[in-house]
Amino acid sequence: MGLRWRYSLAMGVLLAATGWAQVAPDAVQLLEKMRLAHGGEALANLRTYQETATLVTFAGPQPEHKLTVVSYVDFGSKQLRVEYRDGANLIQIIQVTPTSGQSWSVISGSKALEPELAQELRNGLFQTWYGLRLGGSGREQARILGQRTFGDVSGTAIEVTTQGSKTTYLVNAQHQLVAERYHSSQGQLTVLYTDFRGVSGILIPFQGRLYADGALFAEVRVQEARVNPVLRPETFRMP
């Protein structure tokens, strides 16, 4: 019995040491600086978020479609809802919880969301500027990669994994998030962020250009951002 106890204790110490080695102290410091640059306490207290944006997709260098996208995020319950509108017409909804995912469209009606897409949406709760609300806490892995260039943007790259969600942030000299790179079902996704604006004490990028495996496929321009709005159960009701 004593031997078994000592073996379990030794394994616990080893795992703890391994986990600590995966979260580098300099990476934690940089993540804390990034959180401070994007709002500090205001960002740490982010509970809900609502955004209305214009999404333009591209076919080659030319714009293809233009949609309005309204998203709702409840970080406490880990719920995310994205509504797509063509003009005033609602054409699609995608929604996830920690255990399920649903979609609805005017063409196919309601159906379960593909598990891979549902997980990608959940990962988004810990990516983009959303993920900076955690600072250096709760990370499974974090390390600084050094100077990198994503598209035409250069900065310090930091690779972070949080609850299985892995992304690489690109940070400028002011510790602001200027680009990001992660893998998705569309391949290697790179997002370049610009047009930073303060909303309720949080610095939010109002424009993003998205590249899949190096090719531009979408541009997002935020029209309205609401920090900590009241999201009621009916907000997440499906048609």
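Reader: How far apart are the closest N and O atoms of Asp195 and Arg197?
Author: They are 2.8 Å apart, and the two residues form a salt bridge. Keep in mind that this is a predicted model.

Reader: Is Asp195 buried, exposed or partly exposed?
Author: Partly exposed, because its relative accessibility is 32%. Arg197 is partly exposed too, with a relative accessible area of 40%.

Reader: Where does Arg197 sit in the strand pairing, and what is its bridge partner in β12?
Author: Its partner there is Ile204. The pairing is between β11 and β12, residues 202–212. They run antiparallel, and 10 bridges join them.

Reader: How many residues lie between the strands in the hairpin of β11 and β12?
Author: There are 2. Ser200 in that hairpin takes a positive phi near 50°.

Reader: Why would side chains along a strand point different ways?
Author: In a regular strand, side chains alternate between the two faces of the sheet.

Reader: What does Arg181 lie over?
Author: The face of Phe150. The distance to the ring centre is 4.1 Å.

Reader: Back to salt bridges. How many are there by count?
Author: The count comes to 8. One of them joins the side chains of Glu159 and Lys166, at 3.8 Å from N to O.

Reader: What cut-off does 3.8 Å have to meet?
Author: The nitrogen must be within 4 Å of the carboxyl oxygen, so the pair at 3.8 Å counts.

Reader: Glu159, buried or exposed?
Author: Buried, with a relative accessible area of 10%. Lys166 is partly exposed, at 47%.

Reader: Which residue does Glu219 meet in a salt bridge?
Author: Arg221. The N to O distance is 3.3 Å. Glu219 counts as buried at 11% relative accessibility, whereas Arg221 counts as partly exposed at 40%.

Reader: Which residues are linked in a network of salt bridges?
Author: Arg81, Glu83 and Arg85.

Reader: Switching to Gln95. Which strand is that in?
Author: Strand β4, residues 89–96. Gln95 counts as buried, because its relative accessibility is 6%.

Reader: What does the side chain of Gln95 reach at 2.7 Å?
Author: The backbone oxygen of Phe236.

Reader: Which residues does Gln95 touch, not counting those up to four places away in sequence?
Author: Leu80, Arg81, Ser100, Gly101, Gln102, Leu113, Phe236 and Met238. Arg81 also belongs to the salt-bridge network with Glu83 and Arg85.

Reader: Now rings. How many aromatic pairs does a search of the whole structure find?
Author: It finds 4. In one of them, the rings of Tyr49 and Trp129 have centres 5.0 Å apart and planes at 90°, so the pair is edge-to-face.

Reader: Where do Tyr49 and Trp129 lie?
Author: Tyr49 is in strand β1, residues 48–59. Trp129 is in the loop between α4 (115–123) and β7 (141–150). The pair therefore ties together parts that are 80 residues apart in sequence.

Reader: Tyr49, buried or exposed?
Author: Buried, with a relative accessible area of 0%. Trp129 counts as buried as well, at 5% relative accessibility.

Reader: What about Tyr49 and Tyr130: how far is it centre to centre?
Author: 5.8 Å, with 70° between the planes. That aromatic pair is edge-to-face. Tyr130 lies in the loop between α4 and β7, so its pair with Tyr49 of β1 links parts 81 residues apart in sequence.

Reader: And how accessible is Tyr130?
Author: Its relative accessibility is 11%, so Tyr130 counts as buried.

Reader: Last one. Which residues form one aromatic cluster?
Author: Tyr49, Phe75, Trp129 and Tyr130.

Methods: Residues numbered from 1 in each chain as written. Heavy atoms only, no water. Buried < 20%, exposed > 50% of the residue type's maximum accessible area, 1.4 Å probe, protein only. Helix = DSSP H or I, 4+ residues; strand = E, 2+ residues; numbered from the N terminus. Polar contact = N/O pair within 3.5 Å; in protein donor to acceptor, adjacent residues only side chain to side chain. Contact = heavy atoms within 4.5 Å. Pairing = 2+ DSSP bridges. Phe/Tyr/Trp six-rings, centres within 6.5 Å; stacked < 30°, edge-to-face > 60°. Lys NZ or Arg CZ within 6 Å of the ring centre and 35° of its normal.
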